[in-house]
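Subject: Structure for your review

Dear colleague,

Please find below the structure that I am handing over to you. My notes on what was found in it follow directly after.

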Amino acid sequence: MSLEAGAVLNVAPDHLDWHGTIDAYARDKGRIYENVQVACVYNVADPRTEELVREADVVEGARAAGFVVGTPGPGDLGLVDDVLVDRAFHAADDDPDRRKSAAEFGTLEDLKQLGDHNGVVPTHIVADALAAAALARAHGVPTAAVRDGLRSFGPSDHRIQRVAEAGGVTYVNDSKATNAHSAAASLAGFAHGTVVWIAGGLAKGATFDELVSSRADRMRAAVVIGAEPGPLADTLARHAPQIPVVVIDPGDTETVMRRAVAAARDLAQPGDTVLLAPAGASQDQFVSYAQRGEEFAKVVRELTTTH
């Protein structure tokens, strides 16, 4: 494979039950950069992704392009105040002012449809937009077209999908958050108000200590699902003993989500968000993350209508 441009957004523990170690997982992720023709896009905030670029054997002339939710250096894309800017692909290489200038291709306002119910765009959404823009710009897409693409991109199912609001509580389906890293990003996106967190599932060899310790301040309570809820429940007890935890008996798989949402609804207070961000794969109790999310949305609509 020889991509025009490739990106690695992060390197965090996942699928270790398959890869064995985080180093083996990172090496396999880094293979996307092999034989890249135009640009290797990496995350400035995650040095491991830049390391993968440095180790890759690329086509002569291919460049490294970082993205950062902050002021970009020469050769990067980033954020200046609320403006998305390109300092990587905005001018020809022989332009003497190239390293001192930048091209605007959007603002945070262009991403408002992806924000929370207060209109705040989570940091990881901004980072994703910058990475997508880098890939588009590497292909030669004009800045105006990148801006139009960002404006027209809407939230998709099971990815921070707002399902309902009832009694002052917002219900959000992020069933696609199938590992600790993505669940941490999801929780970080709700800086206004507290979260009743529904989580659990197949850990795929990962642990939850860093996730819980770093995001405990966002949680009012937690509802733990999964065929083996013990590890996550134990982690919550160690790192967030002040948080009420309800463990859903895994015995009746067909009613797991109904019982979980009912418990979360009873724990939530006006202004809270009930967030399904499982931090685990779904196959222990559901067919897929999509089916898990669909069940959550279905139950939420039923329970918030009748409550």
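Which residues of H9 are buried? They are Val256, Met257, Ala260, Val261, Ala262, Ala263, Ala264 and Arg265, where buried means under 20% relative accessible area, exposed means over 50%, and partly exposed lies in between (1.4 Å probe, protein chains only). Helices (H or I, at least four residues) and strands (E, at least two) are DSSP runs, numbered from the N terminus.

Before going further, please note that this is a predicted model, in which local features need pLDDT of at least 70 and side-chain atom pairs count only at pLDDT 80 or more, while totals for chains, interfaces and linings use all residues. Residues are numbered from 1 along each chain as its sequence is written, and side-chain values use heavy atoms, with hydrogens and water left out.

Next, the nonpolar cores. A nonpolar core is a set of buried Ala, Val, Leu, Ile, Met, Phe, Trp, Tyr and Cys residues joined through side-chain atoms within 4.5 Å. The largest one has 50 residues, and Trp197 and Leu211 touch the most other members. Helix H4 (residues 123-138) supplies the largest share of this core, nine residues. A second, separate core has 26 residues, including Ala221, Val256, Ala262 and Ala297. In soluble globular proteins, nonpolar side chains tend to be buried together. Beyond its neighbours within four places in sequence, Trp197 is in contact (heavy atoms within 4.5 Å) with several residues, among them Leu187, Leu211, Met219, Leu236 and Leu275.

As for charged pairs, a salt bridge is a side-chain nitrogen of Lys or Arg within 4 Å of a carboxyl oxygen of Asp or Glu. By this rule there are eleven salt bridges.

- Arg137 and Asp86 form a salt bridge, at 2.9 Å from N to O. Arg137 is in helix H4 and Asp86 in strand S5, 51 residues apart, and the pair links distant parts of the chain. Arg137 is buried, at 11% relative accessible area, and Asp86 is buried at 0%.
- Asp209 forms a salt bridge with Arg238, the closest N and O atoms being 2.7 Å apart. Asp209 is partly exposed, at 25% relative accessibility.
- Glu109 pairs with Lys112 in a salt bridge, with the closest N and O atoms 3.1 Å apart. Glu109 is partly exposed, with a relative accessible area of 49%.

A polar atom of the Arg87 side chain lies 3.0 Å from the backbone oxygen of Pro72.

Finally, two backbone angles deserve mention. Most residues other than glycine have a negative phi, and most peptide bonds are trans. Asn35 has a positive phi, near 65 degrees, and is found in the loop between helix H2 (22-30) and strand S2 (39-43). Asn35 is partly exposed, at 36% relative accessibility. Ile160 also has a positive phi, near 50 degrees, and its place is in the loop between helix H5 (143-152) and strand S7 (161-166).

Yours sincerely

Technical notes:
A polar contact is a pair of N or O atoms within 3.5 Å; within protein, one must be able to donate a hydrogen and the other to accept it, and residues adjacent in sequence count only if both atoms are side-chain atoms.
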